[in-house]
Amino acid sequence: MTIPAIVEAVQRACIEGKKITVANYNIHSFNLSMQLPWYYEFLQSVEIANCDSVGILRAIAYMGLDLPLDYRASYTLLMPKVLESCNKHRFSVFFLGAKPEYLQTALERLRVKYPSVCFAGHHGYFDKEDPKANQAVIEQINQVKPNILVVGMGMPIQESWVQKHRSSLQVNAIMLGGAIIDRMAGVVSDCPHFISNMGFEWLYRLCREPKRLAARYLLGNPAFALHIALAMSNASPLRVELMPGIDR
């Protein structure tokens, strides 16, 4: 799905009072889905699992389907468009994740930039194995009853938390956002567009955070390439199928 299509789907869910989950596929999440059966099942269960990586687009092209760069919906590009829509329609947004001070900085910045949006949030540093702690967070979210819940706790923690608790959340759209809160707080810098468009965002981030991301990229990227090569050597040609609308 392109960014405008995702924004429209989220907007429609909010207006019509529906509930959808928006996850994403990049190379890291693909690798996790091959290692963790529950993670694969989660991605298959969501209403939208959009492409968040040039690497995914290139793999699809290698398998026989060329898609334009418009189908890369990274959060750097997607979140501003979602928030512009929220500002237009006066939606409410709840952010869950990041350190308390980073979350507060992000909320302060967003309230200035999008004055018609009702923002709230809770940090991500709570015991996710503690039923009482989880219930307290869920109750805080449900008291606000936000249109959109953005969960930014990193993969696969955020997916695990949403999988366990989404049935209890009174929201219209749940979006899995990774480090988006840190980015909005200015703690993590956005990759320049010309670098990300060439497919080298991973290298940019590796240079910025080598200790944290070395294993993800230096081991994960070759593993991903091997998965695709094995798939091509053992599978029939790629079949493209038009999916029904999420309202069906």
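View 1. Glu8 comes out as partly exposed, at 48% relative accessibility, in what is a predicted model. An α-helix has 3.6 residues a turn, so residues three or four places apart point the same way.

**View 2. The Glu16–Lys18 salt bridge.** Here the closest N and O atoms of Glu16 and Lys18 are 3.1 Å apart. Glu16 is partly exposed at 45% relative accessibility, and Lys18 is partly exposed at 34%.

**View 3. Lys81 and Glu84 in helix 5.** Lys81 pairs with Glu84 in a salt bridge, the closest N and O atoms being 4.0 Å apart. Both lie in helix 5 (residues 75-89), 3 residues apart, or about one turn of the helix. Lys81 has a relative accessible area of 43% and counts as partly exposed; Glu84, at 42%, is partly exposed as well. In total, the structure holds 4 salt bridges.

**View 4. Helix 4 and what it packs against.** Within helix 4 (residues 54-62), Val54, Ile56, Leu57 and Ala59 are buried. The buried residues of helix 4 pack against several elements, including strand 1 (20-25), helix 2 (27-35) and helix 12 (210-234).

**View 5. The two ends of helix 4.** At the start of helix 4, a side-chain oxygen of Ser53 reaches to within 3.0 Å of the backbone nitrogen of Gly55. Just after the helix, Gly64 takes a positive phi of about 120 degrees.

Technical notes:
Residues are numbered from 1 along each chain as its sequence is written. This is a predicted model: local features need pLDDT of at least 70, side-chain atom pairs count only at pLDDT 80 or more; totals for chains, interfaces and linings use all residues. Side-chain values use heavy atoms; hydrogens and water are left out. Buried means under 20% relative accessible area, exposed over 50%, partly exposed in between (1.4 Å probe, protein chains only). Helices (H or I, at least four residues) and strands (E, at least two) are DSSP runs, numbered from the N terminus. Contact means heavy atoms within 4.5 Å. A polar contact is a pair of N or O atoms within 3.5 Å; within protein, one must be able to donate a hydrogen and the other to accept it, and residues adjacent in sequence count only if both atoms are side-chain atoms. A salt bridge is a side-chain nitrogen of Lys or Arg within 4 Å of a carboxyl oxygen of Asp or Glu.
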